[in-house]
Amino acid sequence: MTATWVAFLTDYGLADGYVAACHGVIARIAPSARVIDVTHEVPAQDVRHGAVVLADTLPYLPPSVVLAVVDPGVGTRRRAVAVAAGEHVLVGPDNGLLAWAADAAGGAVRAVELEHRLDTGATTFDGRDVFAPAAARLAAGAALPALGPELDVATLVRLPDPWLRVGPGVVEAEVHVVDRFGNVSLAAGAADLAAAGLAGRARLRASAGEWSADLPLAPSFAAAPEGEPVLLVDSAGRLALAVNRGSAAASLGLRPGDRVTISS
């Protein structure tokens, strides 16, 4: 494919030169490509958080080569892959990071295992030595088969789907992700509330922590008094717990993987 854009997500942070090195590799191989930095502040080695951010962001990106690196298995036998999905090609480690984004693009239709690397002698920086060169080659017009042997897309690694159960008068949902503001996004949407027959005010209870709350489904953070919790539909379309001018994760003691029960 020939792409104008490379969308770039990592857990590298900005304190070191890792991001700049990858930018430099892309610029050397595909100097006309433009790079969108999705984020480089994924919590270190948190593949699940990176997968959620990537999937939530992908629908708003132009057709892109998507370079995503959250790679605690770097240097091991985990595969390095490029995956065609919809208008995008996703490049990164085969550790579950790419699968939800591929779903958001309509599903993986083709994949290859990357077999080329820069000859730096390093084994701990595949972002620079494997993934950035592959993304740049694609952006410069290389065809997917030129990057390595074909893979069965059914063998790509997937993360476990988050827990969700919907029944009459009850929704049980896992905390899917917590953002930097402390907003707690659940693996459920407004349609799940409707399917459970819940409207207006709902009772919430957490499996972790000693709290429960009686909250309305509100249109905004400011619908609650300052410092008080609110239930709303967030920008990704999921139900979320927030605290007006505060952190719901800190106030309510919630983190990814915890379960919240919503009932009448």
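Okay, quick housekeeping. Residues are numbered from 1 along each chain as its sequence is written, and side-chain values use heavy atoms, with hydrogens and water left out. Since the model is predicted, local features need pLDDT of at least 70 and side-chain atom pairs count only at pLDDT 80 or more, while totals for chains, interfaces and linings use all residues.

So, the overall picture. We've got 6 helices and 15 strands; those are DSSP runs, H or I of at least four residues for helices and E of at least two for strands, numbered from the N terminus. The C-alpha atoms fill a box of roughly 60 × 35 × 30 Å along the principal axes. As for burial, 49% of the 264 residues are buried, meaning under 20% relative accessible area with a 1.4 Å probe, protein chains only.

Now the largest pocket. It holds about 860 Å³, the volume being the space filled by probe spheres set on grid points joined across faces, edges and corners. A pocket here is an open set of points on a 1 Å grid over the protein atoms alone, where a 1.4 Å probe fits, with protein on both sides within 12 Å along at least five of seven lines; lining residues have an atom within 4 Å of a point. There are 31 lining residues, with V52, D56, V177, A236 and R238 nearest the centre. Elements giving two or more residues to that lining are α2 (47-57), β9 (170-178), β10 (184-189), β13 (229-233) and β14 (238-243). Helix α2 gives the largest share, 6 residues.

Staying with α2, look at H49, which lies in that helix. Is H49 buried or exposed? Buried, because its relative accessibility is 16%. Leaving aside residues up to four places away in sequence, H49 touches V42, P43, V177 and V178, where contact means heavy atoms within 4.5 Å. Its C-alpha sits 9.8 Å from that of D11, 38 residues away along the chain.

Last stop, β9 again. Strand β8 (residues 164-167) pairs with β9, antiparallel, over 4 bridges; pairing needs at least two DSSP bridges. R165 has E172 in β9 as its bridge partner. Their hairpin leaves 2 residues between the strands, and G169 takes a positive phi near 75 degrees.

Terms used. Buried < 20%, exposed > 50% of the residue type's maximum accessible area, 1.4 Å probe, protein only.
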